[in-house]
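Q: Hey, I'm new to this one. Can you walk me through it once it's up on the screen?
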Amino acid sequence: MKTIPEIMQLIRQLDTHIADDFEGQDLDFKQWSTRALEDNLNKMIHYAVCLTNGGGGCVVFGVADKVKGYEKTILGVPRNLDLKMLAKTVYAETVPPITPRFDEVRVCHGTGMLLIMTVGPSEAIHSTADGKSVQRNGKECLPIPDHE
């Protein structure tokens, strides 16, 4: 699993690379939806299940993954996020419950703040509250056979 300093080292390269270049088994970048907080919570729940079932990893929220250049790539997240509420929601909406760690990281572009969600690996197979089980396979979240 990547550490925050390792992730920040990758982010510093986004002026000449796209975030998708750095995605893999234990790392994903997601743009923050400005439409509704619920959209972001659903993404968090989905990726918490996906990464936990795939060996653990991190999702960096606030980064567009298919464009190059800091101004276009690092969009950021709102600065007033309730991290405890985010963690409680992921915990409540996963079976068995997943306890993610959220870290805010200051950046010089966009809103000035990125959000990193980290989840550990698990021996159990986790699903969303509505029964969907996925796991990380490279850069993708794929359904787990016989758990869908």
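This is a predicted model: local features need pLDDT of at least 70, side-chain atom pairs count only at pLDDT 80 or more; totals for chains, interfaces and linings use all residues.

Q: Okay, what's the bridge partner of Val105 then?
A: That's Leu114, which sits in strand 5.

Q: And in which sense do strand 4 and strand 5 pair?
A: Antiparallel, over six bridges.

Q: How does the whole sheet go together, what's the order of the strands?
A: Four strands make an open sheet, ordered 1-2-5-4, with mixed pairing. Strand 1 and strand 4 are at the edges with a single partner strand each, so one side of each has no neighbour in the sheet. On average, neighbouring strands are turned by 20° against each other, if you ignore direction.

Q: Which strands does helix 1 touch when it packs on the sheet?
A: Strand 1, strand 2, strand 4 and strand 5, and the direction of helix 1 makes about 45° with that of strand 4.

Q: Which residues of helix 1 are buried?
A: Ile7, Met8, Leu10 and Ile11. They cover an arc of only 155° around the axis, which puts them on the same side of helix 1. Besides the strands, those buried residues pack against helix 3 (70-73).

Q: Switching to helix 2: which strands does it lie across?
A: Helix 2 lies across strand 1, strand 2, strand 4 and strand 5, at about 40° to strand 5. Its buried residues include Leu41, Met44, Tyr47 and Leu51.

Q: How far apart are its end C-alpha atoms?
A: 24 Å, which agrees with the span you'd expect for the 17 residues of helix 2 at 1.5 Å a residue. After helix 2 comes Gly55, with a positive phi near 110°.

Q: What about helix 4, which residues are buried there?
A: Leu86, Ala87, Thr89 and Val90, in a helix that covers residues 83-92. Looking down the axis of helix 4, the buried residues fall within an arc of 160°, so they line one face.

Q: Which ones are exposed on the other side of helix 4?
A: Lys84, Lys88 and Ala92.

Q: And what do the buried ones pack against?
A: The buried residues of helix 4 pack against helix 2, strand 3 (94-95), strand 4 and strand 5.

Q: Last one: what does the side chain of Asp82 reach to at the start of helix 4?
A: A side-chain oxygen of Asp82 comes within 3.2 Å of the backbone nitrogen of Lys84.

How values were computed: Residues are numbered from 1 along each chain as its sequence is written. Side-chain values use heavy atoms; hydrogens and water are left out. Buried means under 20% relative accessible area, exposed over 50%, partly exposed in between (1.4 Å probe, protein chains only). Helices (H or I, at least four residues) and strands (E, at least two) are DSSP runs, numbered from the N terminus. The arc is that of the directions from the helix axis to the C-beta atoms. Contact means heavy atoms within 4.5 Å. A polar contact is a pair of N or O atoms within 3.5 Å; within protein, one must be able to donate a hydrogen and the other to accept it, and residues adjacent in sequence count only if both atoms are side-chain atoms. The expected span of a helix is 1.5 Å times one less than its number of residues. Two strands pair if DSSP finds at least two bridges between them. Axes are lines fitted to C-alpha atoms, for helices over the stretch in contact, and angles run from 0 to 180 degrees between N-to-C directions.
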